[in-house]
Structures are given as structure tokens and as C-alpha cells.
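Subject: Structure handover

Hi,

Here is the structure I promised to pass on. Please open it first, then read the notes below.

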Amino acid sequence: MSLLEDKVVPGREERAGACMAYGGTACGLGQADGACLKNQNRSFSQSGLCMALPVMGMLLTLPDTAVVIHGAIGCGSTGFGMNINNRLRQLQRGNLNARDGFWVSTNLTESEVIHGGEVKLEQTIYDTYKRFHPKSLIVLQTCAPSIIGDDLASVISRAREKLDIPVLAANCEGFKTKIWATGYDVAFHAIVHGFIESDKEGRPPRKQRRKEGERPQVNIINLASVGQPDEEEITRMLDAIGIDAYIGPNYGTRESIRNMTQADLTVSVCPTHDDYFVDYLQQEYGIPSVLKDMPIGLANTKSWLLDIAGHFGLETRAKAFIEEETAKVLEAVAVFRQVLEGKRVFLSAGEFRALVTGSLFQELGMEVVGVRSYHHDNFGRDYYDKLVEAQQGKDFAVDIANFQPFELTNLLRRIQPDIFIGHISDNVWAAKLGLPVATIFRIFDYYVGYRGFYEVAKKAARVLRNPAFNRNLAKNVDNPYKQEWYEENPFKYIKSGEVSSSVKAASQPEIELQKGAVQ
Amino acid sequence: MSNFIERPRYQCALGGALATINSIKRAAAIVHAAPGCASSADGAATAGSGYWGAGYCGGRATPSSNILEKEIIFGGESRLSEQIESTLSIIDADLFAVITGCMTDIIGDDVKGVAAEFQKKGDPVVVAETGGFKGTSSKGYEVIFEALITQYVKKGLPKNPRLVNLLGLIPTQDVFWRGNLIELKRILANLGLEVNTFLTPFDRPDSLRNASQAALTVVLSDVHGQRAARVFEEIHGVPFITAPLPIGPAATRGFLVQVAGRLEVGEKALDEVVREENSWYYSFMENVADIFNDLDLQRYAVIIGDSNYSYALTRFIADDLGWIPYFTAVTDLLDEDEQEKIKSRFENIAAELRPKVIFETDTSQIAARLKKDLASQANPYSSPISPAFVLGSTLDRTLALENKAGFLSVTYPVTNRLVTDQAYAGYRGGVRLVTDILSVLLSNR
């Protein structure tokens with residue numbers, strides 16, 4: 001099945017063999033049986049995330065859109081947090097009158113849970129349209145209406161007939177998958193069906209072949225969490241080798257999103273985020289893709305650029321650019337390298353981003369001593385080995401966890417890295433242990449390309465220069481775990497789930513971690 | 001009021017219960033729900049209330065059963081039992097509260113039965129069904145308090161005639177709940193009273209455990225905490241009064257008189273506290289007087305907030321700050337009785353200063369109704385509310401911009417400020433509010 005044919009987006013467990021519970025080492029993960037991993041769970045767990053959050057995070061970025069959240073009043077309450085990024089991105093783009101995102105809740109109550117919420121949903125869609133005259137309207141189906149059997153599909157098809165704007169539908173019931181990254185697929189599914197496949201004008205025709213001498217137009221798939229600085233660096237790099245970058249679909253309009261079907265190549269900056277959409281463009285519009293690297297760190301940026309250039313015969317130009325930029329940035333980071341060389345780094349983020357950022361730090365002379373990835377899937381499979389090889393076979397701890405800070409805290413106390421690199425919401429746990437922290441993937445910072453290489457190195461060196469805030473914090477605040485927990489195997493609570501009869505349950509992977517560091 | 005709710009200015013019942021539990025020092029929630037519920041509620045609590053953060057065992061550390069399709073089909077009770085067991089063995093807390101989301105309530109898990117197994121063994125576990133479809137954070141606050149009062153508070157303790165329980169400020173829904181409770185406790189302590197605030201970073205579960213000793217519960221809200229106070233009365237014989245959140249000298253004096261009237265507080269002690277606190281307030285206002293008058297810092301005020309703040313702020317603006325309240329919007333989802341109660345509160349404000357009061361949940365409709373009102377008062381020269389000031393949530397920044405008004409975010413959600421120990425309640429809170437409001441007007445100097 002594919003994005004075009006799927007009525008409802010399958011969970012990543014099915015589509016990409018994703019798992020979210022593994023504890024051990026990089027080498028151990030490489031040898032583990034994917035089918036077993038997929039079924040692993042936890043008997044103690046802390047709050048995860050559901051796909052409604054990434055879906056709303058992505059779709060709220062569409063300008064002048066209205067989001068209808070069909071559910072109880074709390075679903076979508078994180079809209080305020082998403083709205084902050086949304087506003088700031090508009091300001092970054094020079095729009096000083098940044099508008100707040102717009103969403104409504106159908107406020108499903110006890111009575112609707114009993115009698116059904118379809119009527120209320122339908123009315124809400126039309127009232128919302130009347131009230132705001134949005135340029136598109138998006139319906140998010142949450143857990144409760146789904147379980148009481150509200151028929152979203154028929155409400156949407158009636159709304160598409162009655163309204164003169166694109167209507168997008170997103171099935172994002174949190175209980176349907178343990179892998180919230182499925183939400184990216186759901187958002188792309190909603191975008192494609194709303195703006196392209198079910199659009200009033202139908203889907204745009206396939207583009208004619210690019211004429212000789214024309215600059216190639218390349219889609220760059222963005223993420224809601226990629227900021228203006230990174231977009232500028234991507235555009236600058238591609239422009240330098242003679243390619244026009246076209247960034248979307250987040251923050252894109254109907255027209256700009258439809259125009260993505262007319263590109264000469266689709267380029268991902270995060271394969272695990274984009275593949276569902278990229279495959280659609282390839283299958284339906286014959287647009288080839290580059291979907292294996294993320295331009296973070298020098299080697300990754302190099303292969304990413306060469307892959308793109310290779311599609312248009314621009315390798316010579318690309319090589320010259322890469323050589324020049326590499327020399328320039330290596331000279332510039334030399335001052336930070338003195339501080340960073342030999343330091344031990346622990347990374348935590350979405351799998352692919354954590355891993356490529358590990359490569360970046362290795363290029364600065366640092367050793368990766370641990371990675372915590374939100375989930376594990378086919379895209380990350382070989383990368384762990386790559387990191388081990390790059391540091392002369394030195395293995396490192398791996399925790400695959402949909403957050404689960406109890407495991408992280410235990411691990412960090414054992415490993416005692418010199419610096420912790422974490423995605424938003426991960427950092428506080430390292431901070432409470434007194435570790436220097438450099439946050440990653442804020443929309444105000446550079447991460448990709450050469451500028452990103454420089455800025456990340458600079459940030460890490462800056463953080464190491466004065467970690468007093470966190471050091472003092474650790475002396476004065478407590479973590480919520482019993483002392484005994486720190487003596488336990490950090491992955492004690494990971495259990496093998498039900499597996500189909502032909503597959504034997506995996507035994508708990510052995511971990512070898514330094515215990516001496518425990519205070 | 002419409003069928004749906006635009007950018008709801010509150011969380012769901014689960015969110016209210018979770019924020020309440022996470023406000024108690026050394027208490028931990030065990031959320032029995034789908035994987036996103038706790039994170040979603042927590043995200044809203046932290047982004048919307050001046051970056052509260054994860055704290056001790058909140059945020060992503062919140063224990064949660066993260067139930068999936070399998071549990072929806074076969075029931076989630078055994079998963080919950082496993083999760084309570086493991087939580088008790090790993091989390092270092094004095095009180096555990098099992099709270100639920102929509103899914104587990106809809107499929108009908110017997111969470112009370114599961115929790116009872118642990119309660120029998122003497123584990124400090126309480127349980128409440130807080131599925132989001134049951135109501136807003138206000139409902140969640142009531143339900144979790146009811147659970148605490150019936151399952152955790154000790155029965156049959158001797159009464160302490162000087163002990164008071166404070167209820168009615170919902171953590172994060174009242175963005176300044178910590179500072180407000182601390183300030184009210186400070187003032188009441190000056191009257192010789194002991195105060196249970198329950199929800200500040202300095203309150204441990206034992207204050208709850210022994211709260212049945214109180215002689216009186218003071219509910220700081222006409223809406224929030226009313227049910228909890230009634231349960232306190234029914235189960236533990238603690239009577240209650242309703243005394244709305246007091247901001248500034250005028251309201252706080254009335255608050256103290258009302259509370260003192262119900263307890264053994266001598267008139268002399270009361271007078272002395274009022275005099276001292278008042279003098280503290282005016283010791284600072286004496287120095288504000290120059291700029292207030294020289295720069296004509298009086299404004300027409302538009303006030304937007306929940307049932308607690310809409311009245312409390314309006315009263316302060318009218319009686320202490322000497323501004324002109326023009327338009328006040330109450331954003332809670334209220335039934336008719338509750339609306340009547342709030343309306344009658346506004347009658348405490350002198351008729352000539354009483355604002356137009358509307359009940360409206362939706363930000364865009366509040367703006368539309370103000371616009372319509374202003375259009376009906378139009379004149380060739382300037383807006384009827386010029387110079388204007390808006391006290392509301394961060395959502396109302398747009399309305400302030402459109403009316404060329406000064407703007408301070410005070411009511412949920414507040415995403416553009418960091419909130420720690422600030423208080424707006426009481427005397428010191430009044431000074432703080434004057435300072436924050438007028439600082440906005442001076443920010444371009």
C-alpha cells in the first residue's frame with residue numbers, strides 16, 4: 001500500500017518495522033532481531049506522545065488554515081505550545097504582524113460519547129468556515145470519536161462538496177500506534193489528499209522534462225522544527241552548485257504544495273520523517289529522490305550534496321564547493337576543537353537526527369558514549385555501526401525509548417558524559433544531574449551544512465565553558481527515583497511482548513556499562 | 001456561545017487533575033490513558049502557565065500506562081495493575097494518584113478496583129476517573145480533590161480552631177497559583193492562623209492528610225473548588241465560605257474581615273494586620289504617585305479571564321488602581337447558576353465604574369463583541385476606550401494591538417512571560433500588579 005491507496009495511514013510498526021523499546025549497546029542493536037524488537041514494551045512507563053501532536057504541529061503551520069480537533073476538550077491543548085513556534089517562524093520570515101494559529105475543539109462531552117459526535121463535528125466544520133473564512137480546513141480525529149464510531153470519512157466527503165476550500169482529514173488516534181512518528185505520515189497523507197488528490201481542480205498534470213540549460217528545481221522537505229537559519233543554509237548550498245531549492249510543505253500554501261509535484265528531484269533532510277511523502281511524489285509524478293542522509297556534519301553534508309548534484313551532472317561544481325567550504329569551516333572551528341577534542345558526548349533525539357549529530361561531534365574529535373533514540377526503524381539500522389566504526393570500534397550505550405527519562409537518568413549517572421546533547425524536553429533530565437547541556441533543533445539555530453557545523457561546535461564549547469547553572473541545580477534538586485533504581489539495570493523494565501509463534505522472544509541484551517561512575 | 005470551543009483556555013479534566021497532583025511536593029500521578037494524554041496535558045500546562053516545567057515527577061517523567069489498541073479491546077486493568085506496582089517500586093514519592101483518560105473511562109476499566117488492591121496493602125494510592133470528556137480542568141480539580149478528601153485525608157482528627165484550608169485556585173489554570181497561595185498564607189499567618197495551601201512547592205501530602213483538622217475551608221472562587229469544599233464539609237465536618245481571590249488592598253481587606261469573622265480572630269489583631277499591610281502597599285505607591293500623575297497613567301481597561309480573574313482584576317482596577325473598567329469577558333464554560341453568581345459579584349463594584357460583562361469562551365467572539373460595542377459608541381475623534389489597556393491571556397495580544405492598547409498577560413494561557421514566585425493576590429501582589437502593568441506603559445522610555 002502507499003500514501004495514495006491507504007485509506008488510513010498504517011502505524012510505523014507495520015510500515016517501517018519501528019520499535020520503541022530496546023536497551024543495550026550499538027553493536028547489540030545491530031544483531032537484534034527486528035521482529036522481536038518491534039514487540040518489546042515496558043512494564044513501567046512514563047508518558048509518551050501520541051501522533052495527534054506531530055500532526056497538529058505540522059498542519060498548524062499552513063497559513064490561514066483552521067484546525068478542527070474532534071475530541072474531548074484537552075486534545076489539542078498543546079496548540080499553545082505549537083503556536084509559539086508558529087508565531088516565531090512568521091517573525092523570522094519577516095512578518096512582523098505574525099498571526100496566531102487557529103484551532104477549535106468540538107468539546108466532545110459525556111452526552112456525545114453516548115450519542116455520537118458526528119452531528120456536532122459537521123456543524124463545527126461549517127461554523128468554523130463561516131466564522132474565519134480560512135483558506136483550508138483540517139479535521140483531526142482523536143481517540144474518543146474514533147472509538148464511539150463517528151464516521152469521519154463521510155463527514156469529510158460532504159464537507160468537500162459544500163465548501164470551496166481544501167478540506168484535510170487526519171486520523172490521529174493516539175491509541176492506534178506506539179510510534180508517534182506515524183503522525184508525520186498522517187500529516188503528509190492529509191496534505192496530499194486535501195491539496196492534491198481531492199482538490200477541486202484535481203491533481204496537477206505531470207511536468208514536462210526540464211529543458212537543457214534550465215536550473216533544476218528541487219523540493220526540500222522541511223520539518224516544523226527546522227528554522228529559518230537552516231533553510232537559509234540549505235538554499236545557500238544548493239544555489240552555490242546551481243540548483244533552486246523549493247522548501248515545503250510546512251508553512252506552504254495550497255499553490256506552493258501543488259507545485260511540489262513539478263520538481264525535478266525531492267530531497268529529504270530527515271528520511272524517517274519524509275519517506276511516505278517522497279515515495280508518493282516518486283510513484284505518482286516520477287520525481288526521483290535523495291533519501292538517505294541528513295546534511296549534518298561534514299561527511300554527511302558532503303554525500304548529501306554529491307547525491308543531489310549527481311542527479312544533474314553538477315558533481316564537479318559540487319566538489320569544488322565542498323572542498324572550499326570544508327577548508328574554511330575547519331579553520332574556523334579549530335578554536336573550539338581544542339576544547340571539544342576527547343570529550344565524551346551523549347545524544348538524545350529522534351533516531352536519525354541523534355545519529356547524524358553523533359557523526360558531527362566525532363568529526364570534532366569527540367567520542368559518542370550513548371544515544372537515546374525516540375524510536376528505531378529501518379532508516380537507522382546501519383548507522384549505529386557506522387558510528388562505532390568511526391571511533392575505532394568503541395561501542396556505546398543505546399536506549400530506544402519514547403522518552404522514558406527513568407532509563408535515561410540511570411544511564412547518564414553510569415556513563416557520566418562530558419556533555420549532553422538533547423532535543424527539547426530531554427534536556428532537563430541531564431540538567432538535574434548537573435551535566436552541561438547543548439539543546440538541538442531549536443528553530444533559531446543552525447544545524448545543517450557548514451554554518452551548522454560551525455555553530456554547533458561553538459555552542460558546545462560555550463556550554464562547556466560555564467555549566468554552573470546545571471551544576472548548582474544538581475546539588476539542590478532531586479530526581480523522583482528511589483536510590484535502588486540506580487543500582488538496577490537501566491533496561492530492567494523492558495519486556496518482550498507477544499510475538500507471533502514463529503518468532504522466538506529475544507532475551508534481554510547484555511549491557512556493559514561503567515558502573516564506577518555512579519555516585 | 002457556540003457549539004464548539006475556540007482555542008480552549010483550559011485543559012480537560014485529566015489536565016486539571018494532573019497539574020493539581022504535580023503541584024504537591026512528593027506526590028506523583030499514575031496516568032492510565034493513551035500515550036499522548038499526559039504529555040499533551042503537561043505541554044499545555046507548561047507552555048500556558050509561564051513555563052512551569054517538568055518539576056519533580058511531571059512532564060515526560062509522569063508515570064503513564066500508555067495504553068494501545070490491545071488494551072482498548074481486551075481491557076487495560078492488568079496493564080494498570082502492572083504499572084502501579086512498578087511505579088511504587090521505582091518512584092520515590094509519598095502519594096500516588098491514579099488518574100484516567102477518555103479511553104480507559106469509555107472502555108470501563110475498573111480502576112477503583114485495581115487501586116483498591118494496593119490501598120488494602122497500605123500503599124498511599126488514591127484514584128479518580130478524570131476522562132477528558134467529563135469536563136475542563138476545573139472538573140479535574142474537583143474530582144481529584146474529592147478523591148483525596150475521601151480516600152486520603154484522615155478522618156476523626158480533633159479540630160484546630162486556627163487552621164484554614166484554601167481551595168479554588170487551579171494550578172496552571174491560575175498561572176500565579178503558587179505566588180498567590182504563598183502570599184495569602186503569609187497574610188493569614190499574621191492574623192495568627194495556620195493555613196493549608198496544599199499546592200505550593202512547599203506543601204507535602206501530610207498537610208492534606210491532616211486537613212480534616214481545619215476549622216474552615218475558604219474557597220477563593222465562586223466556581224472552582226466549590227464541590228471539593230462541600231465534600232470536605234460532608235465527610236470531615238469542615239464548614240466553608242466563599243471569598244473570591246483578593247487582589248490589592250481593598251479586596252484583601254474585605255477578604256480578611258470575612259475570614260476573621262468566621263474564626264477566633266480579635267478585632268485588634270485584624271485592624272493591626274490591615275493597617276500594617278496597607279501601609280506596606282502605600283509605602284510603595286507614594287513613590288509611584290509621581291509618574292502615575294505626571295504621565296497620566298490612567299487607562300480604560302478591557303479584562304479577559306476565567307471566573308476568578310475576571311472579577312478580581314476588575315475590582316482591583318476600579319477600587320485600587322483608579323482606572324476605568326470598560327469591558328470584562330468571563331471565559332469559563334459556566335452554567336446559568338454559576339453565571340448569576342459571577343454577575344452578582346460585579347455588583348460590589350460601584351455602578352458608575354461597573355464594566356460591561358460578557359460570558360464568552362471564544363477569543364474571536366470576545367473581540368467581535370468589543371468591536372461592535374465600540375462601533376455603537378463611535379465619535380469623530382477617538383476610540384471610546386482610548387487610552388486603553390488589556391489585561392488578558394496571551395491570546396488577547398491581537399485584540400490589544402487592534403485597539404492600540406497596552407497589554408499584560410495575566411490569565412491562562414500566558415506564553416510570553418516566565419512565572420515563578422510572582423503573586424498578584426493580597427497586598428504584595430497588588431504592588432506587583434501595579435508594577436507590572438505600569439512597566440508596560442514605560443517600556444519604550
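Two strands pair if DSSP finds at least two bridges between them. That rule matters at the chain A to chain B contact, where β4(A) and β1(B), residues 5–6, run antiparallel and are joined by 2 bridges. One of the residues involved is Val104(A), whose bridge partner in β1(B) is Glu6(B). Keep in mind that this is a predicted model.

**Contact between the chains**

Chain A puts 53 residues into the contact, and chain B puts in 61. On the chain A side, the elements that give two or more residues are α4 (52–59), α5 (79–92), β4 (103–105), α6 (110–115), α7 (118–132), α8 (143–147) and α18 (405–415). Of these, α7(A) gives the most, with 5 residues. By class, the chain A side has 26 nonpolar, 18 polar and 9 charged residues.

**Sheet in chain A**

Chain A holds an open sheet of 6 strands. The order is β1-β13-β12-β11-β14-β15, and the pairing is mixed. Which strands stand at the edges? They are β1 (21–25) and β15 (437–440) of chain A. Each has a single partner strand, so one side of each is left without a neighbour in the sheet. On average, neighbouring strands are turned by 15° against each other, direction ignored.

Inside the sheet, β11 (344–349) and β12 (367–373) of chain A run parallel, joined by 6 bridges. Ala349(A) has Ser373(A) in β12(A) as its bridge partner.

α18(A) gives two or more residues to the side of chain A that touches chain B. α18(A) also lies across β1, β11, β12, β13 (397–401) and β14 (419–423) of chain A. The helix runs at about 170° to β13(A).

**Domains in chain B**

Chain B is divided into domain 1 (13–151), domain 2 (160–267) and domain 3 (295–414). The C-alpha centres of domain 1 and domain 2 of chain B lie 25 Å apart. Their contact takes 24 residues from domain 1 and 21 residues from domain 2. On the domain 1 side, α1 (13–23), α2 (37–48) and α7 (137–151) of chain B each supply at least two residues. α7(B) gives the most, with 9 residues. The domain 1 side has 10 nonpolar, 9 polar and 5 charged residues.

**A helix pair in chain B**

α8 (177–190) and α17 (426–442) of chain B pack with their axes 7 Å apart. The angle is about 135°. Angles over 145 degrees would count as roughly antiparallel and 65 to 115 as roughly perpendicular; α8(B) and α17(B) are therefore oblique to each other. From α8(B), the contact uses Asn180(B), Glu183(B), Leu184(B) and Ile187(B). They meet Gly426(B), Tyr427(B), Arg428(B) and Gly429(B) in α17(B). The residues of this contact divide into 3 nonpolar, 3 polar and 2 charged.

**One residue to look at: Pro387(B)**

Pro387(B) sits in the loop between α15 (363–376) and β12 (388–392) of chain B. Why does Pro387(B) count as partly exposed? Pro387(B) has 16 C-beta neighbours inside 10 Å. A residue needs 20 or more to be buried and 12 or fewer to be exposed. Leaving out residues up to four places away in sequence, Pro387(B) touches Arg299(B) and Tyr300(B). Ser81(B) is 306 residues from Pro387(B) in sequence. In space the two are 60 Å apart, C-alpha to C-alpha.

Best wishes

Key. Residues are numbered from 1 along each chain as its sequence is written. Chains are lettered from A and ligands numbered from 1 in the order in which they are written. This is a predicted model: local features need pLDDT of at least 70, side-chain atom pairs count only at pLDDT 80 or more; totals for chains, interfaces and linings use all residues. Domain bounds come from an automatic or database domain assignment. Two residues are in contact if their C-beta atoms, placed from the backbone, lie within 7 Å. Helices (H or I, at least four residues) and strands (E, at least two) are DSSP runs, numbered from the N terminus. Ala, Val, Leu, Ile, Met, Phe, Trp, Tyr, Cys and Pro count as nonpolar, Asp, Glu, Lys and Arg as charged, and the others, Gly among them, as polar. Axes are lines fitted to C-alpha atoms, for helices over the stretch in contact, and angles run from 0 to 180 degrees between N-to-C directions. Angles under 35 degrees count as roughly parallel, over 145 as roughly antiparallel, 65 to 115 as roughly perpendicular and the rest as oblique.
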